[in-house]
Amino acid sequence: MTTSVDTVPAPDAPASIQPSGTASRQGGGLIRYLIVRFLLIFPTIFILVTLVFFLMRATGDPITAAQGGHVPPAQLKHLIHEAGYDRPLIVQYLQYLGQIARGDFGTTFTDHQKVTTVLLTYGSATLELAFYALIVAFLVGIPLGLLAAYIRDRWGDAVLRILAVLFYATPVFFSGLLLKLIFASWLDVLPVAGRASTSVELEMQLLPHPTGIYLIDAFRTGDPAAVPDVLEHAVLPAVALGLLTAGVFLRLVRTNVIGTFNTQYVDAARSRGVGEFRLVTKHAYKPALIPIITVIGLQIALLLGGAVLTETTFEWKGLGFQLNAYLGSRDFVAVQGIVALLAVIVAVVNFIVDVIAALIDPRVRF
Amino acid sequence: MSTASVLAQPRKRSLLRRLPIVAQLNQSVGVQRFMLLTGVIITSVYVLVAIFADVIAPYSYSALSGADGRNFGSQQPPGAAHLWGTTVGGLDVFSRTIYGARTALIVVVVAVVLSMVIGVLLGLLSGYFGGPLDRVLVVICDAIYAFPSLLLAIVISIMISGGQSTFWSGILSAAFSITVVYVPQYFRVVRAEVVRVKAEAFVESAKVIGARHSRILFRHVLRNSIRTLPLIITLNATEAFETLAGLGFLGFGIAPSAAGEWGYDLQKALADVTSGIWWTALFPGLAIVFLALGISLMGESLNDLADPRLRRRQADAGESAVPAETVVEAQS
């Protein structure tokens, strides 16, 4: 599930896609697996939320951290008392858990918004960015990975592998800065920052019930210039964030395709006269993709961490950008809330990914 | 090939040739040897630069003026006086990039040592003794494993320093957060190996003879359970200094008066880029990329060499290939 073994096992465990429920025993296994996996979400969330709570509170309360030195001690004390931060830590912790259980992640200190509202307002932007980034990752990572496997152990392969390392080892804010420098500053072909031009953003705000996903909203305005404008703004952030994951995909596809090359069914195909290129693109390719689905779950964490940095680099007004803004104004209640909420999202997304992996790959269901 | 299987051979090789990286260099050929060697060379250069930063850098990381007392000036392009130009704050880019290597490597060492000691120890105990503690630890490690390390780093840096970082608090925030995220990785790998190894006959024989648990754990089990560590160490190292840079980029890193730090420099370069000033972003950024490249190349090659399906061997290499059971996927 997590220390992902990047191999496709021996041919005696074929990665065939079986419709669940054909054999009753297997169907039962699947349901049991899904239930256990679902129940595991709760301890995961509990542990992460606990970790974040105690880390944030280990040294003090958010109000002192934010206001200490700026307001007189008496007023500080009053504020702390009012917010309930002078009660025993364990009481606060239990109350916090109760809040989380009710879906309340707190209210930001600076602008008095519910953290869940912050998520709804800015989450769509982050979602849109992550979606574009995944597209870039697939378009770049998988073909290059197949190519690397096809020319394996030659110099072209070495170049591609170094490229893969460069992709995922380059911090996203640096690749973002380089892309901005080249395409926005020197060549002046793409916008420097933001999600859309001001005029387009105004148009979209006039829409009834904007979705917050700019591509959809741009379509709805009916303005022919809006869609290209939104896409233009998305190119650089998507590439910066997408290349990170593309590097991981490239490496994974290469390893797995080479792994499937050693299996007997590929040997059989080869002996029937199937060409080497066709072997890569048709035969070895599909089973090699299964591990990618499992790894996408881990990529969510990478994308979320990367989104904070990408959004800051490109002033992409999503959750990460907002988190950084709260950090800047030292609103640690908001920071704690957003981080806890992201923990829940990570746990749920990982569950979904594991379910998808189990549905298409019977081996996962133990 | 792991040290374990080399040790298992009747004729021992010289100590030098059994050292982790030297052994793999001897074993590799062609492209793989090239990649491993490139990684080793790049990383060694950084270590040397970090140690001799005082000698190499013309100015201090916080110097605003030279020996003549004149200010460097803001955003000076690269030239004779300033090899890589100056930043918007009037600091010498070359000197700060050089000193940045020292900060990065300190973080790497602290983070790797902390995570490895804790992770390996917990994995060893958990895998060997099993029981409820084992199950709880597995669930906890699974929970933390998938969480974005940068977010934890932010939380921890707030905890350690209230967000205003001096030299050591910046280093410790990055190192601690990486430790929290990487302990599960060491834990999982070591635990899996321990569970496998403890069923082996030699462990049982040791028990029969009446060896104490501690002796069995550290003399017999530990040595045979750390084969996949080199790869994790390299991932851990890369993640450590990149998290430090990420914190710096978000403004939670080390203050420029306390140390040279690449992430801080890149944050300050964000505005420069829009006006076409390239030298403030390029050099600290490349410093990060090359260090990450060096360490990752080492890790990738070591991983490939441990995986028989990916290994190319010399035709005359008379070694028995013991297949690695776990190949850890780079996912950071």
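Residues are numbered from 1 along each chain as its sequence is written, and chains are lettered from A, with ligands numbered from 1, in the order in which they are written. In this predicted model local features need pLDDT of at least 70 and side-chain atom pairs count only at pLDDT 80 or more, whereas totals for chains, interfaces and linings use all residues, and side-chain values use heavy atoms, with hydrogens and water left out.

Colleague: How many helices and strands does chain B have?

Modeller: Buried residues (under 20% relative accessible area, where exposed is over 50% and partly exposed is in between, with a 1.4 Å probe and protein chains only) make up 57% of the 332 residues in chain B. Among contacts (heavy atoms within 4.5 Å) in chain B between residues at least 6 apart in sequence, 73% join residues at least 24 apart. The secondary structure behind these figures comes to 14 helices and 0 strands.

Colleague: What is the area buried between chain B and chain A?

Modeller: The predictor gives the complex an ipTM of 0.76 and a pTM of 0.78, and in the model 62 residues of chain B are in contact with 67 residues of chain A. Buried area is the accessible area (1.4 Å probe) that two parts lose on being put together, summed over both. Carbon and sulfur atoms give 73% of that area, which for chain B and chain A is about 6,100 Å².

Colleague: Which residue of chain B forms a salt bridge with R251(A)?

Modeller: A salt bridge here is a side-chain nitrogen of Lys or Arg within 4 Å of a carboxyl oxygen of Asp or Glu, and the count between chain B and chain A is 2. For R251(A), the closest N and O atoms of the pair are 2.4 Å apart, and the partner is E300(B).

Colleague: Is T312(A) buried or exposed?

Modeller: T312(A) is found in helix α13 (residues 285-314) of chain A, and the residues it touches, not counting those up to four places away in sequence, include F249(B), L250(B) and L270(B). Its relative accessible area is 10%, so T312(A) counts as buried.

Colleague: Which residue forms a salt bridge with R188(B)?

Modeller: The closest N and O atoms of this pair are 2.2 Å apart, and they belong to R188(B) and D142(B). The pair links distant parts of the chain, 46 residues apart, from helix α9 (residues 167-197) to helix α7 (residues 131-145) of chain B.

Technical notes
Helices (H or I, at least four residues) and strands (E, at least two) are DSSP runs, numbered from the N terminus.
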